[in-house]
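Visitor: I would like to learn how to read the strands and helices of a model. Please take me through one.

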Amino acid sequence: MPLYCSGLATRVPHVLVNGRIINNHLISHRVGTLSFSHRHNSSSKHSLVSLSKFNQSCLCCCSSSSIMEDQTKLDSTPSESEKYSKEVEVAVRAVQMACALCQRVQGNSISKTDGQVQSKDDNSPVTVADWSVQATVSWLLSESFGSKNVSIVAEEDIQNLCKADAAGLLATVSNAVNECLAEAPRFGLKGPNISLGTSEVLEAISRCNSTGGPTGRFWTLDPVDGTLGFVRGDQYAVALALIEDGQVVLGVLGCPNYPMRKEWLSYHHRYHRIISKLTPPTSESWDKGCVIYARRGSGEALMQPLLHVNKKLVWPNSVRPVRVSSIDNPSLATFCEPVEKANSSHSFTAGVAHSMGLRK
């Protein structure tokens, strides 16, 4: 699921050359693309981040009469550092909440099935977490920006939840949504004054019915990207992005089971569940889960840990930059492939790894 950050523009003050004023020096930087090696309904053994650089381009034009006009435009236009800043904060906080919801649902469903995993018309799985995250994020975005200003393309509908025999499933989804929204103040967002009813939960889910398109502004949401990984108790992601006129302007990936510390990738996160019961989480322990995000024009991709239980999210929440690995020897690099055999040929990737001398 890609995150894009590009088009960083910096205006340089005018300079004097041979008695003439050279104005409007605009330096444009194409910063790059952050990619997560994650395929739908699958889970990678290790997730990669890559940041590709593009050549800088410089556009200059000469004009002495437009200095004041340009300055007026600059004064009335939000700076690059301010653009989409509210959207980024709300999106990251919402995804933080969604990850906490997923962790609770996954933890409760590891040892029991009780109908929490359903099949859609295409036989792909959908869980309580899928519906609950979609309802939660939909409600939070509408509350933050106004329902009339929010258009969302999302994956789930309410068909299965509206069946006559789905009352128990719908109640479970509603309880998960309300439990999550009750914690909104801890994440710096406003929650509902009273718990949402089942009809309001269904409305929040079905509100995500935008068809998208090359024009306009809309959000895209995959509530649980990698449902099979989620059901298996493994890796998955909550993916949220904002698109304007066909361009991704911000993207957020919530990875509830992906550790902040690289060293812990050698251990399955089930091991962490055992350790966490013996030693309460601290700043020195394994930070289980992270949120990775980027904003168009910022020139950077960032990562912050998931919020610990009973803690308050203080922005920017111990954020750190995401950088490409410094390893340049292929034999030392980490090679990734989908866990699900249906999504790739494991024998082929094994051959590629062998031919390149990859060991990890």
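Visitor: In S11, which residue is the bridge partner of Ile-152?

Guide: The partner is Trp-219. This is a predicted model, and in it S10 and S11 pair in the parallel sense over three bridges.

Visitor: How many bridges join S11 to S12, and in which sense do they pair?

Guide: Strand S11, residues 217-225, pairs with S12 over seven bridges, in the antiparallel sense. Leu-221 is opposite Leu-240 of S12, and Arg-217 has Glu-244 as its bridge partner in S12.

Visitor: Are the strands S11 and S12 buried or exposed?

Guide: For this, a residue under 20% relative accessible area is taken as buried. S11 is mostly covered, with seven of its nine residues buried. In S12, residues 237-244, seven of the eight residues are buried, so the strand is largely enclosed by the rest of the structure.

Visitor: Next, helix packing. What describes two packed helices?

Guide: The description has two parts: the angle between the axes and the distance between the axes. For H3 and H5, the angle is about 85 degrees and the axes are 8 Å apart. The two helices are therefore roughly perpendicular to each other. From H3, the contact uses Trp-131, Gln-134, Ala-135 and Ser-138; from H5, it uses Val-201, Ala-204 and Ile-205. By class, the residues of this contact are five nonpolar, two polar and no charged.

Visitor: At what angle do H4 and H5 pack, and how far apart are their axes?

Guide: Helix H4 (residues 167-181) and helix H5 (residues 198-206) pack at about 80 degrees, and their axes are 10 Å apart. H4 is thus roughly perpendicular to H5, because an angle from 65 to 115 degrees counts as such. H4 supplies Leu-170, Val-173, Ser-174 and Val-177 to the contact, and H5 supplies Thr-198, Val-201 and Leu-202. The class count for H4 with H5 is five nonpolar, two polar and no charged residues.

Visitor: How many residues does H4 have, and which of them are buried?

Guide: H4 has 15 residues. From its first C-alpha to its last it reaches 21 Å, close to the 21 Å expected at 1.5 Å a residue. The buried residues of H4 include Leu-170, Val-173, Ser-174 and Val-177. Also among them are Leu-169, Ala-176 and Cys-180.

Visitor: Where is Gly-197?

Guide: Gly-197 lies in the loop between H4 and H5. With 26% relative accessibility, Gly-197 counts as partly exposed. Gly-197 and Ser-174 are 23 residues apart along the chain, and their C-alpha atoms are separated by 7.3 Å.

Visitor: And which residues does Ser-144 touch, leaving out those up to four places away in sequence?

Guide: Ser-144, a residue of helix H3, touches Lys-86, Val-90 and Leu-189. The C-alpha atoms of Ser-144 and Val-90 are separated by 7.5 Å, although the two are 54 residues apart along the chain. Ser-144 has 23% relative accessibility and counts as partly exposed.

Visitor: How many helices and strands does the chain have?

Guide: The chain has eight helices and 16 strands. Of its 360 residues, 44% count as buried.

Note on methods: Residues numbered from 1 in each chain as written. Predicted model: local features only at pLDDT ≥ 70, side-chain atom pairs only at ≥ 80, totals over all residues. Heavy atoms only, no water. Axes fitted to C-alpha atoms, helices over the stretch in contact; angles between N-to-C directions. Helix = DSSP H or I, 4+ residues; strand = E, 2+ residues; numbered from the N terminus. Parallel < 35°, antiparallel > 145°, perpendicular 65-115°, else oblique. Contact = heavy atoms within 4.5 Å. Nonpolar A, V, L, I, M, F, W, Y, C, P; charged D, E, K, R; others polar. Expected span 1.5 Å × (residues − 1). Buried < 20%, exposed > 50% of the residue type's maximum accessible area, 1.4 Å probe, protein only. Pairing = 2+ DSSP bridges.
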